[in-house]
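Student: I am new to this one. Can we go through it in short questions?

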Amino acid sequence: MKKRKKKVFLRRMRLQLAVVMVAFTVCLVFLIARIVYINLVSGPKYKQRVLNQKGYNSVTVPFKRGDIIDRNGTVLATSNKIYNLVIEPANILQREENKEATVKALKEFFDITDEEMTDYLKDEKSFYKVIRKKLEYPEVRKFKDYCKESDEGRKVIGVWFEEDYVRYYPYNEMACHLLGFTVSGNQGLSGIEGYYDDELNGEPGRTYSYINNDFNVENRTEPALNGYSLVTSLDIEVQKIVQKNCEEYMQLLETKNVSVLVMDPNNCEVLAIYNCHQYDPNKPYDTEPIRYQFKNEENGNPMTDQEFEVALASMTDADVVGDLEEVWRDYAVSDNYEPGSTYKTFTISGAVEEKKVALEDQFYCQGYLQVADATIRCHHVTGHGMVTTVQALEQSCNPALMQIAKKEGKEDFDKYQKLFGFGQRTNIDLNGEPSAATLNSLVYDVDSLNSVELATSSFGQGVTVTMMQLGTAFCSVINGGNYYQPHVVKQIIDSDGNVIENKKNVLVRKTISEETSDTMKEMLRGVVVNGTGKKAAVEGYSIGGKTGTAEKLPRGQRKYILSFIGFAPVENPEVVIYCLVDEPDPDSQYFTSTGCILFNMIAEDLLPYLNIYKEETDNTDPFAGGQQITTEVTTEAVEEQPAVFATGTDAQQGP
C-alpha cells in the first residue's frame, strides 16, 4: 500500500502567502482608518445627505441674531420670535373627521376663508405649506390651548408652527444712524448692524422628518447656533438728551442739517451720534423720512401731502432707494466738509509742541494779510491789532494763524496734520467711513502746501475733514496727547452672557506732549471765557472749546457750516460734544453763534447726567498774569464771521 505524500508549503509559497496577508491587513487597516476619518471629519455632511434621501421633509431652524446693548445694559436692538403657520395637506386629508376639525379651527383662529382653505389643500401630497407668516405668540398660544384642552381641538392634525425671528428696535428712530438696520436674510446694513454683521449672525439648524425602516415618521433636529451680542459704548440716555435739545433748537433756527457727536476724550468711546434726518430702522424703506428732500419748485416751500405722493409716483424704485440712502447715511462718519476755525486748534498745537511759537509771541492783524497774490481777510474786518498766540485762538484771528503756520513751516504743519489723523481713516467700527484714498486727497500734503495753501489750511479752509476725524483729533489735544482709535463696541458676548472678546482701547500714537495738552486746554478755556465761544459757557462748569465757521462751495451763496467743539471740565476732561449746523438761516438772530448755543443747551442737561458736578469756576484769563499786551486795534471778542478771501480783484466768501 502506497503512502500518501505529505503536502509541504515551499518557502516560496509561504513568502507569497505572507505578502498577501500583509497586503490584506494593510488594506483593512487603511479602510478602517478611512472610515474613522470620514466619520469624524465629514460625518455630519454625509448624515445630512442620508437623511435627505430618506426624508420627506427638511425644515431650517432659524438662529437668533445677537442683541445690541448700550453701556448700561439697555437693549437697543433685538430679535423677537415670530411664528409661521404650516399645514400638511397630505395628513389633513387622510380622514374626513380630522379634516373637518382642522379646517374649522384654522378658519376660526386665523381668519382663513373657505376659498383660501380650498386652495391650500389642493396639493394633496404636500407635507409642508406655509399659510400665515409672522404670527405672534399670543395667537399661537390660543390655538395650541384649544387643540390641547377641547375634544374638537384634539382632532386637529397636520398643523404646526415654524419659528422665525424679526429684528426689533425698541427706541424706533433713536440712534438709528449708529445702529443701522437689517434686511431679509439677516443682512445688516449701515452702522453697527453692518459692521458687525458676521458676529451678530449665527448658524441655522435643521429639523429632519423622515421615514425610518419601519415606515414610521421620525424627527431629528440639529439646533441652531445663535449670534453673538454686542455691548456698546453708547448711552441711550445721552442720546435722548442730545436728540431732545437738537429738536428744540431746530424750532429756533431753520437749517439743512444738525449733527452732534459725543465722545469720551480719554479713550474715544462714542457715547452718542445724532443726525437730524432720522428714520425708523423697524421700517427702513418707509418713504416719509425723505420728504425733506422735496420742495415745491414754484415757491420753494415743503411739498404738501398730495404733491409728495405725486412726486413719489413718478419716481423709479432706484430713485427712491437713492433718496433713502441719503437718510440712512451717518453724516458724522461719512460726510466731508471744510471745518473752518476749529482747525486752528491743531495748527497752534503743532506750533507750540515744536516750540516754533511761544504763548507770548505777538502777531499783527490789520484785518487782512497779503499772501503771494492773494488777499486773505480776517472775520474781524477792521482787524484785531497786535495779538498774542493765546489771543489768536481766543479771537479766532486768521492773519495771526497764517503767520503762526508760516513760522511752523510746511514740513511741521504737514507732520501734525498726519499725527492728528487728517487725510486718514479713523477706522471707527461703523460702516460708511470714506476710503483712505478719498480722505488723503482732501488735504494738502507737504508737496502741495504752497504759501497760499499753507495760509488757508491754517484756519481750516481748503482742508476737508469728517466729524469723526476732527472729534478724535480734538480728544487727543485735551487728553494728554493720546490718539485713540474711536470705537462703539466694548464687548462681544454669547447668548449666555459669556464674554467672547473684550474690545480694548487702541492707542494709535502720541500727537503732542502732556505739557502742550495742558497748555491747549487752558487756551481753549480762554476761547469760552474771553473769545468767540462765550455763548457756550455753562454756569458752574469750566468749559473749553473752539468755534468754527466755513462757507460752502461754491462761495458767495450764503451757505455756511457753523460748529463748536467743546469739553468739560477743563482740568480733567470727561466729555467732548461736537455740534455742527449745516446751512443755518443766515438771517436768523441765532446764526453767528449757532454752534455755541446748541452746545450750551446740550451741556446744561448732559453734564449733570454724567455726574460732572458744578464747582467754583475761575473765569479770568489764565495767561494774563499781569502781562501787558499792546493792541493797536481792539481785541474784544466778536462773533466769528466768515473771512473774505480775495485773489486779484475777484473777492469771494471763504471760511
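Student: Which residues of α16 are buried?
Tutor: This is a predicted model, where local features need pLDDT of at least 70, side-chain atom pairs count only at pLDDT 80 or more, and totals for chains, interfaces and linings use all residues. Residues are numbered from 1 along each chain as its sequence is written, and side-chain values use heavy atoms, with hydrogens and water left out. Buried means under 20% relative accessible area, exposed over 50%, partly exposed in between (1.4 Å probe, protein chains only). In α16, the buried residues are N398, P399, A400, L401, M402, I404, A405 and E408.

Student: How many of the 11 residues in helix α16 are buried?
Tutor: Helices are DSSP runs (H or I, at least four residues), numbered from the N terminus. Helix α16 spans residues 398–408 and is mostly covered. The buried count is eight.

Student: How many disulfides does the structure hold?
Tutor: A disulfide is a pair of cysteine sulfur atoms within 2.5 Å. The structure's count is zero.

Student: How far from C246 is the nearest cysteine sulfur?
Tutor: C246 is in no disulfide. The nearest cysteine sulfur belongs to C579, and the distance is 6.7 Å.

Student: Is C246 buried or exposed?
Tutor: The relative accessible area of C246 is 0%. That value is under the 20% cut-off, so C246 is buried.

Student: Is F24 buried or exposed?
Tutor: F24 lies in helix α1, residues 11–41. Its relative accessible area is 54%, so F24 is exposed.

Notes. Helices (H or I, at least four residues) and strands (E, at least two) are DSSP runs, numbered from the N terminus.
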